[in-house]
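Look at the sequence and the model below. Then read the short report that follows them.

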2 protein chains.
Amino acid sequence: MGAGQKVSLSAKLARFQELWSPKIVGAVNDFHVKLVKLKGAFVWHSHEAEDELFLVLRGRLRMQFRDREEAVEEGELIIVPRGVEHRPVADDEVHVLLLEPSSTVNTGTAGGERTREPEWI
Amino acid sequence: MGAGQKVSLSAKLARFQELWSPKIVGAVNDFHVKLVKLKGAFVWHSHEAEDELFLVLRGRLRMQFRDREEAVEEGELIIVPRGVEHRPVADDEVHVLLLEPSSTVNTGTAGGERTREPEWI
């Protein structure tokens, strides 16, 4: 993708089906814009230094915190501050735009088998 | 807005009518998420150090560069790299989500009477 070229979110989303594997669609200074498809429950984790923005493009994302849960609908966003444990849960498939520092690892400090190295699409 | 509280983009957009005056709705590390309503033509400008992401939520944004133009539709985004002169033009009202370093000034190095200090909403 050339600099200053527009990106269609729906066209990018059509290019992958894999769940819980963020794909990079843009870079803004040291931040990455990623798209991810979610279904089911992820692992509890937090990020030491990175805040993380989730913008729901389709479906309903349940963002669980240790003491509460936020149901984030299409056209809504939630920012999870660094250091805060969270677990994304999707009862049905959810499409999300992520915005976070490029250093962000999807499983944060928890690591483990669900860690993915994001690729550009 | 508390950390980890969800934000409805449509609810935030309903809170202002002013054109060309970005409103901050979230912070992600040293980045700001802003909403802005555009109609007409802005000033030619560039940002010395900041890339700038425009995600079109409603309408059609014509992003002009010195040598070409991109028509960015609803559900599409464009990232303008630092140093690149650009001019946003909206024939009809357009609603945009901006994502950029918090240091970003709307008129960049051009300055002038259309400069706005963004406020939180």
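The report starts with the ground rules and then turns to the two chains.

## Ground rules

This is a predicted model: local features need pLDDT of at least 70, side-chain atom pairs count only at pLDDT 80 or more, and totals for chains, interfaces and linings use all residues. Residues are numbered from 1 along each chain as its sequence is written, chains are lettered from A and ligands numbered from 1 in the order in which they are written, and side-chain values use heavy atoms, with hydrogens and water left out.

## Two copies, one relation

Two copies of a chain are related by a rotation about an axis and a shift along it. Here, a rotation of 180 degrees with 0.0 Å of shift along its axis superposes chain A on chain B, with an RMSD of 0.0 Å. That is the relation of a two-fold axis.

## The interface

Chain A gives 36 residues to the contact, and chain B gives 36 residues. Contact means heavy atoms within 4.5 Å. The area buried between the chains is about 2800 Å², and carbon and sulfur atoms give 58% of it. In chain A, A:Lys6, A:Asn29 and A:Leu77 lose the most area to chain B, together 23% of what that side buries. Buried area is the accessible area (1.4 Å probe) that two parts lose on being put together, summed over both.

The rule finds two salt bridges across the interface of chain A and chain B. A salt bridge is a side-chain nitrogen of Lys or Arg within 4 Å of a carboxyl oxygen of Asp or Glu. The side chains of A:Lys6 and B:Glu76 meet in a salt bridge, at 3.0 Å from N to O.

## Strands across and within chains

Strands here are DSSP runs (E, at least two residues), numbered from the N terminus. Two strands pair if DSSP finds at least two bridges between them. β1(A) is joined to strand β7 (residues 76-80) of chain B by three bridges, and the two run antiparallel. A:Val7 stands opposite B:Leu77 in β7(B).

Chain B also has a pairing of its own. Its strands β5 (residues 60-65) and β6 (residues 69-73) pair in the antiparallel sense over five bridges. A hairpin through three residues joins β5(B) to β6(B). B:Met63 stands opposite B:Glu70 in β6(B).

## A look at B:Ser8

Where does B:Ser8 lie? B:Ser8 is in strand β1 (residues 6-8) of chain B. Leaving out residues up to four places away in sequence, B:Ser8 touches A:Gly75 and A:Glu76. B:Ser8 and B:Val25 are 17 residues apart in sequence and 9.5 Å apart in space, C-alpha to C-alpha.

## Salt bridges overall

How many salt bridges does the structure hold over all chains? The count is 20. One joins the side chains of A:Glu119 and A:Lys23, at 3.1 Å from N to O. A:Glu119 lies in strand β9 (residues 119-120) of chain A and A:Lys23 in strand β2 of chain A, so the pair ties together parts that are 96 residues apart in sequence.

Key:
Helix = DSSP H or I, 4+ residues; strand = E, 2+ residues; numbered from the N terminus. Least-squares fit on C-alpha atoms with pLDDT ≥ 70 in both.
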